[in-house]
Amino acid sequence: MTTPHLTPRHERWLLLTLAGIQFTHILDFMIMMPLGPQFTALFGISNAQFGLLVSAYTLSAGFSGLMAATYIDRFGRKQLLLSMYSLFGLATLACAFAPDYVWLMVARVAAGLFGGVLSALSQTIVADVIPFERRGRAMSVVMTSFSVSTVAGVPLGLFLAAHFNWHAPFVGIAVLVGLLALGAWQTLPRLDAHLHHPERVSVWRGIGQVLAEPNHLKAFAVSGLMMFAAFSVIPYITIYLQSNAGMQAAEVPWIYLCGGLATLQSARYFGRLTDRVGKVQMFQRLALAVTVPLMATTLSQGLPLWGLLVISTLFFTLMSGRMIPGMAMISSAVEPRLRGTFMTLNSAVQSASMGMAALVAGLIIGRDTQGQLTLYWVAGLLGVVASLLSVWLAGHLRLHGAPPAQAAG
C-alpha cells in the first residue's frame, strides 16, 4: 500500500489540521466537566445523573465506533472525516439550544454518535502517513490538542458561561467546527490509498481478522484501561474542588490553565522521548508516574490553592503525556491494511471505557449532609489499579514496523 508523499510543509499543515479537529472534539467533551456544578444546581440532578450526562457522550461514541468499523475502510479518510465532523458540529449546536436535562442528554448522544470516530480517524491518518520512526513526534503534535483545549478552550468556555450562560460555550465550539471544516477541506490530501490495497478484504472479514489476533485484543485492553484510569476521577474534579477543597468558581479556570500550559510544554518533549526511548517503555514509565497525582487529586481536601494547582498540573501533564506513547504504541500494534478498522474499534473501546468509568465512579461517590463528596478516593483507587494493569499488559504487546529492540515489550 502506497501512502501520500507529503512535503514537510504539507505534513505540518496536515498535523495542525488534525490537531484542530481533535481540539474541538476534546473541548466539546471536556467543557461538560467543569460545568458540573452549574448543571447539578440548574437541573437539580444527582452525581450519578451528572455522570450519566457525561457518559451519554462517550457511550454513544463507543457505539458509533463499533458501527464505523463496518464502513471506515470503505471510504476515503478525507471524505469520511469531513462528513462526520460537519454532523458533529450540528449536534454540538443542538447542545447549545437544549432547553432542559432530557434534551441536553439527547443532544449529547447525537454529538457522541458523530464525534465517536473523529479521534480514530485522526490517529489512523497519522499512522497511515507518518513513518514509524517519526510517529511519536507526529502523535505529540495531534495530542497537543488536549493541552490547547485545557489551556485556552476550557478557561474561555468557562468565561463565556460565567458572563453569558452555559449555552454560550457550545455555540462557540460549533462556530469553530464550521471554520475548521472549511480548512480541512482545503488542506487534507485525498487519503484513499487503503482503498486500493491488494490484500483488501470484506468488511466483516476485516473485523474478524482484527478480533482474531491476540495482539490486537491486548492492545484494546491497554487502551480501555488507559481511559478507565483517567475517567474514574476526571469528571468529578471540579465538583470535588469546589465542594470539598473550598475552591471558588472563579479559581477553577486556573486548574485548566496551569495544567494546559504544562502539557503544552511537555507534549513535544514526551514525543521525542517516545521515539528515542521506545513507545512501550515510555508509556510504562508515565503510566506508573501518573498514579501518584491521580490518587492525590482525590485526597487534596484542606490544601491551599497552590497545593491544589501543583497536584492538578502534575495530574494533567502525566495523564495526557502517557497518551502520546500510548497511542503511538497502540496504532503500531496492527498491520497497516487493517489499521482503519482496528483504530475505529479501539475508539469504541476507549469511549465505552470512559463512559463506564464515569458511571461506576458516579455510583461510588456520594454526598454528605454538608454537600461534600464522599468515597472519591475509592474511585481514585480504581483508577490506580487500572493504570497498573495497563503497564503490565503493555509489556506484552508486539509492534509492527518497530526495530527488533522495540518490536516486543
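This is a predicted model: local features need pLDDT of at least 70, side-chain atom pairs count only at pLDDT 80 or more; totals for chains, interfaces and linings use all residues.
Colleague: What span does helix 10 reach from its first C-alpha to its last?

Modeller: The general idea is to set the span beside the value expected at 1.5 Å a residue. Helix 10 reaches 26 Å, close to the expected 26 Å. At the start of this helix, a side-chain oxygen of Glu 213 comes to within 3.0 Å of the backbone nitrogen of Asn 215.

Colleague: Which residues touch the most other members of the largest nonpolar core?

Modeller: A nonpolar core joins buried residues such as Val, Leu and Phe through side-chain atoms within 4.5 Å. The largest one here has 124 residues, and Phe 231 and Met 329 touch the most other members. Helix 10, residues 214–231, gives the most to this core, with ten residues.

Colleague: Which residues is Met 329 in contact with, leaving aside its neighbours within four places in sequence?

Modeller: With those neighbours left aside, the contacts of Met 329 include Val 222, Phe 283 and Leu 397.

Colleague: How many aromatic pairs does the structure hold?

Modeller: It holds ten aromatic pairs. One of them is formed by Phe 29 and Tyr 57, which is tilted, with 5.7 Å centre to centre and 35° between the planes. Phe 29 belongs to helix 1 and Tyr 57 to helix 3, so this pair ties together parts that are 28 residues apart in sequence. Both Phe 29 and Tyr 57 are buried.

A further tilted pair is that of Tyr 256 and Phe 316, at 5.7 Å centre to centre with 40° between the planes. This pair links helix 12 and helix 15, with Tyr 256 and Phe 316 being 60 residues apart. Tyr 256 counts as buried at 4% relative accessibility, and Phe 316 is buried with a relative accessible area of 3%.

Colleague: Which residues form one aromatic cluster with Phe 231?

Modeller: Phe 29 and Tyr 57 form one aromatic cluster with Phe 231.

Colleague: Is Ser 387 buried or exposed?

Modeller: Again, one consults the relative accessible area. For Ser 387 this is 0%, so the residue is buried. Ser 387 is found in helix 18, and its side chain reaches the backbone oxygen of Ala 287 at 2.8 Å. Not counting residues up to four places away in sequence, Ser 387 touches Ala 229, Ala 287, Val 290 and Thr 291.

Definitions and conventions:
Residues are numbered from 1 along each chain as its sequence is written. Side-chain values use heavy atoms; hydrogens and water are left out. Buried means under 20% relative accessible area, exposed over 50%, partly exposed in between (1.4 Å probe, protein chains only). Helices (H or I, at least four residues) and strands (E, at least two) are DSSP runs, numbered from the N terminus. Contact means heavy atoms within 4.5 Å. Rings of Phe, Tyr and Trp (its six-membered ring) pair if their centres lie within 6.5 Å; planes under 30 degrees apart count as stacked, over 60 as edge-to-face and the rest as tilted. The expected span of a helix is 1.5 Å times one less than its number of residues. A polar contact is a pair of N or O atoms within 3.5 Å; within protein, one must be able to donate a hydrogen and the other to accept it, and residues adjacent in sequence count only if both atoms are side-chain atoms.
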